[in-house]
Amino acid sequence: MALIPYSLSRAALFSMDAEAAHEFTIRSLSRLQHTPLRCTFAQPFVNDPVTLCGLRFPNRVGLAAGLDKNAECIAAWEAMGFGFVEVGTVTPKGQPGNPKPRMFRLPPSEALINRMGFNNHGLDAFIRNVQRTRPVPSKSLLGLNIGKNASTPIEQAADDYLAGLDGVYPWADYVTVNISSPNTQNLRALQSDAALDALLDTLMERRELLAQQHGKHKPLFIKIAPDLEQEQIALIASTLRRYGMTADGRHGGRLGVIATNTTISREAVQGQPHADEAGGLSGRPVFEKSNHVIRELRAALGTDFPIIGAGGIMSGADARAKRAAGADVVQVFTGLIYRGSALVREVAEALQPA
């Protein structure tokens, strides 16, 4: 267990503005992660390896992107027991994101609303941080999450994703393509049938060139939204399946999907303070929505297509439900804010085979 129970620090953090508390936490973890004081948050590692997309995941619980946008705390997340750590979203150029305030807690629903807008220091700084903060050797797999700059027209989005892929490829175990944040204008349009097909065609072609250059194929994961109609899910699944197949018609570990990002729905939090704030809602209210998307994807994609489940995991039981819906492994984000690092071990143990 971590040396300091999270319950002792949560009250202080929740007394602060949500983004100020987040920044304080990232600064603290960054400073402590390579010192003996990492014992204040470190936990025993649950060894439960599983192979997915040709990668050996040390256990089935990962950190979702968005919490560590600039890759400042990779060693700290590993010390907490995550089997895989995803950082970003990074854009080719640094950008400030949307105006503050832009992050809000909804404690009665164990939820957050954010409209951060891909605030980050840019690709060059991101890669330097990856090199500086990832332990060598590392227990955990590393996912690097890429997006487009707000100033880039949606018609030129592929250029930003290619720049991101080129930059992160040597340092990633897998790369996530974020096309589902609700906080960058028109970004979710890339989930449409023709746009997704064109983007995947471009990215998969570049990935083959990078694989030849670096001598290793690295999987791509596409991160999608929970706010999808049945027909949209079916079209996305069809496109993913087509690009994930090898020449012999089998899934070759080339492509996976992360389901899901935050929701724009407010149905579950109506009437609460901050419920009407613009942005993506995460935490418990997105749990069933993401599970629905996962179930539909699994039915459409078959048993061997890699699915990472994310959205509303607040307990080990929630993680098991996500697995039952069809996820191979899971990610947490908002649950970490409400429960602390103890959630990581709880989820990892809950997902171990009986």
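**View 1. Helices α9 and α11 cross in a right-handed sense.** A crossing counts as right-handed if the near helix is turned clockwise from the far one by less than a right angle, and as left-handed if anticlockwise. The model is predicted: local features need pLDDT of at least 70 and side-chain atom pairs pLDDT 80 or more, while totals for chains, interfaces and linings use all residues. Residues are numbered from 1 along each chain as its sequence is written, and side-chain values use heavy atoms, without hydrogens and water. Helix α9 spans residues 316-325 and α11 residues 342-350; they pack at about 45°, with axes 8 Å apart. Gly316, Ala319 and Arg320 of α9 meet Glu346, Val347 and Ala350 of α11 (contact: heavy atoms within 4.5 Å). By class, this contact has three nonpolar, one polar and two charged residues.

**View 2. Helices α8 and α9 lie roughly parallel to each other.** The axes of α8 (residues 287-301) and α9 come within 8 Å and cross at roughly 25°. From α8, Phe287, Ser290, Asn291, Ile294, Arg295 and Arg298 take part, meeting Asp318, Ala321, Lys322 and Ala325 of α9. Four nonpolar, two polar and four charged residues form the contact of α8 with α9.

**View 3. Thr152 sits in the loop between β9 (141-146) and α5 (157-168).** Thr152 is buried, at a relative accessible area of 12% (buried: under 20%, with a 1.4 Å probe and protein chains only). Leaving aside residues up to four places away in sequence, Thr152 touches Ala157 and Asp160.

Methods: Axes fitted to C-alpha atoms, helices over the stretch in contact; angles between N-to-C directions. Helix = DSSP H or I, 4+ residues; strand = E, 2+ residues; numbered from the N terminus. Nonpolar A, V, L, I, M, F, W, Y, C, P; charged D, E, K, R; others polar. Buried < 20%, exposed > 50% of the residue type's maximum accessible area, 1.4 Å probe, protein only. Parallel < 35°, antiparallel > 145°, perpendicular 65-115°, else oblique.
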